[in-house]
Amino acid sequence: MKSPLLNLIPGDTYIHKLTGKTKVRTFVILLIYIIMSFDLRLLLPLFIAGIIGLVSLRPEWKTLRYFFIVVAAVNLLNIVLFWLVNPDIGTFWCGGSRTVLISFTKKLFISLETLWYLSIRFFKMITSFLISMVFILSITPSELAAGLYSIKVPYKICTIFSIAFRYIPDIGRDYENIKISMQARGVELDPKKVPLIDRIKQNVLILVPLIITSFDRVGNISNAMDLRGYGRGKTRTYYSEHEEGRADKIFKVFYMGLLVFSAIWIVSRIISPPPSKMWYPFS
Amino acid sequence: MKKPIVEFIDFGFQYRSQSSPTLYNINLTIYQGEKVLILGPSGSGKSTLANCINGLNPFSYEGKITGSCKIAGRETKTASIFALSKTVGTVLQDSDAQFVALSVGEDIAFALENQSVPRDEMIPKVQRASEIVGMEDFLHHLPYELSGGQKQKVALAGVLHDDVDLLLFDEPLASLDPQAGMQAIELIHKIHLEQKKTVIIIEHRLEDVLHRPVDRIILMNEGRIVFDGSPDKLLTSNLLPKYGIREPLYIMAMKYAGCTFTGQEVLSDIHSMDLSPFEDKLKAHFRSPVKRSPIPVRDEILRVEDVSFSYGDGDVLKDVSFSINRGEKVAFVGKNGAGKSTMAKLLCGIIRPDKGEIHVEAENYLQYSIKEIGEKIGYVMQNPNQMLVKDIILDEVELALLLRDKSREEIDVAVERALDMCNLYGMRNWPIHAVSYGQRKRVTIASILVLQPDIIILDEPTAGQDYYHYTEIMNFLDDLNREYGITIVFITHDMHLAIEYTDRALVFSDGELIADDSVFKVLSNDEVITEANLKQTSLYTLAKRLDLEPEDYIEHFIAYERMKKDNEKPTS
């Protein structure tokens, strides 16, 4: 039972060893930071930090490569579409100038501003993907639940995460079993032999017993939880949330600092908006 | 004066969704420190009674309570399930579903987490509870890495905090192999003694529970208590067969031998009971001739040659060879993960051997697709709910033929035959969800039989069934085998099933076939029994105590029982 992306057992690298609370809080603050900053000067350090973080987790590069390619391809497509819809979008973002580099027709051209805007946009997406990967690879579902609880998410919602991860493999196994018995009865699922539409129909046939057996299980699970006092109190503690170490304290200083910085950044931009919507060095 | 911990007075319970009560007029007192077995067939109300003790009734399943039920002096009608969980620790039947956390440590801590116990207090408590059940070395293990028995231990550890007074086990043996079941009973007994807990066990497998002594047995039937007394009293009475509970094998052997009881004998422990009054009768019976119906020599239908298989890391099956003759009844036995299910999947063509060959009727079947093999070898899953996809019985049964584009006439003929074989013809237009579990099982079998396979493989056909339904299903399969000559393979760890209904057992252990012999020979071979996580039956112990050869004794018992069964059948 090993999933390449999600780890259920805590790892042993520096970031793995942080508490769920630190991981979730850092991630949330970094997300705010990424969303607010359409600025290469802010994104670049985070990008570098993300790469260092990812390398330090010693992930399985083989699986990650696949995700990277998909994400990069989707985002490239995204910015090409952006450009097609409005080739002049950079002008709006970079303070009103328009430096046309290549012009195809009167309406379709590439300007330095648009190129800059779209590159930063792409860079921002890649950075947020990088940070998310570090987060996902470093956290276990139980730590996630504990971490979310630490930022005042009601624990019943937190439990949904850990319970889902607990039972997804079981449901997968049920599906496998049902599929086998249906195949023996004559349901053909071989892509070479059956057209897609029929295959989808056959899969629906498998879903019926899957849903029924899953409902049976849900009943058992909720009884087991009730009998051990789940939902009794307003608060809850977490066994998986170990004591905070030195690293957690360092991270705390870091994320609190970043939170203050982000707040000042956002407030200052509301009070006195800069001349251009994003940082553009060539104006 | 002992302190009562459970007190039912004129108690009744009716589920809101049902038109009549499930429990009537229950008067029962269980005292602190007692170990009590609540026995009864399915639908007798024993689980309902348990759920009234732990508070699931009426907290999770709404219903009407009449009379009074006090747990540790507290009326359950007004107490919350949480308050009750401080006194009553419940271990549910489904050891997998009740494992709600992602590691052993977390699952044991679950109840503490819910009480907001600080983590530094939690750690020693979890450590202590895990030591009591012997799981302290597994605290970081994931649920997927544990056996059923280990998951059950974790569930038990999870309710041991708070110094609960009463431990309630709902069918603790249902999902365990024989050896794990035996260990569970030993562990429960150890905790009962060492931790001084009151223990209530809900079960219908009397013989397995009696592996360790119990103080009192409550027998239930149709919502009422029909017996409340010592195990010895119950065993000497004739109540067990009357209420559809299987008697321990050694008691059956004694009754076959014509032993009669006065009601004063101590019978509950086969190892220590006084056999002297019965010895002569038992020995005389053993010497009495029985008709051994010879197994007719028939042609080989299935041959497995040197088959190996692996899922990538390490062999799941290593060089397995055997053959099965037409019309045989064979059991695949062995502990979980021994390779018996993998063997079944190989036979159904779902997976293909890495090495070796499988022949069906002397034809190499590896050339066929799963669908084609499905017409020769049918596979019936353990849980009928995992197989049923249609609303109406008739639709379910004809599905396999519709998927094969057969003509309407052909389908009608085959469906009628299959429904007839399973005694379902009269019910063919019934909705599936309206029929009982046993009937659903028959529907799944009919939906396989409609393809007219030569062999059907049944995965744990009797799991979770009480003796009555068990007998019903097994007799039905026996008839199929006898009347239609269908070859049947059971995958099971139920030794009673193997003894009573099969000719031969193939024992798997760690991917190897370690025994292929008649059931009585397998069951008298110590080495095989230990390796395959099986359990000595009480017949073995009885034979040893009588200085008889266990192999011969068990064989005689089986032959006598079959003869008896044949005589009881109306001759047709």
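Reply: A residue is called buried here if 20 or more other C-beta atoms lie within 10 Å of its own, exposed if 12 or fewer, and partly exposed in between, with C-beta atoms placed from the backbone. The model is predicted: local features need pLDDT of at least 70 and side-chain atom pairs count only at pLDDT 80 or more, while totals for chains, interfaces and linings use all residues. Residues are numbered from 1 along each chain as its sequence is written, and chains are lettered from A and ligands numbered from 1 in the order in which they are written.

Let's look at strand β8 of chain B, residues 198-203. Strands (E, at least two residues) and helices (H or I, at least four) are DSSP runs, numbered from the N terminus. Six of the six residues of β8(B) are buried, so the strand is largely enclosed by the rest of the structure. B:Thr198, B:Ile200 and B:Ile202 point one way, B:Val199, B:Ile201 and B:Glu203 the other, and all are buried. That makes B:Glu203 one of the buried residues.

Now for the partners of β8(B). Strands pair if DSSP finds at least two bridges between them. β3(B), residues 35-39, runs parallel to β8(B) and is joined to it by five bridges, with B:Leu37 opposite B:Ile201. Five bridges also tie β8(B) to β7(B), residues 166-170, again in parallel; here B:Leu166 has B:Thr198 as its bridge partner. From β7(B), the path goes through helix α7(B), residues 178-194, to β8(B), forming a right-handed β-α-β unit (clockwise over the helix, from first strand to second, with the strands pointing away from the viewer).

Elsewhere in chain B, β19(B) (504-509) and β20(B) (512-518) pair in the antiparallel sense over six bridges, among them one between B:Val507 and B:Ala515. Two residues lie between the strands of this hairpin, where B:Asp510 takes a positive phi near 45°.

As for the packing, the largest nonpolar core has 205 residues, of which B:Ala446, B:Ile457 and B:Leu539 touch the most other members. Such a core is a set of buried Ala, Val, Leu, Ile, Met, Phe, Trp, Tyr and Cys residues joined through C-beta atoms within 7 Å. Not counting residues up to four places away in sequence, B:Leu539 touches B:Leu249, B:Tyr250, B:Ala253, B:Tyr553, B:Ile554 and B:Phe557. Another core, of seven residues, lies apart from it and includes A:Cys94 and A:Tyr280.

Conventions. Two residues are in contact if their C-beta atoms, placed from the backbone, lie within 7 Å.
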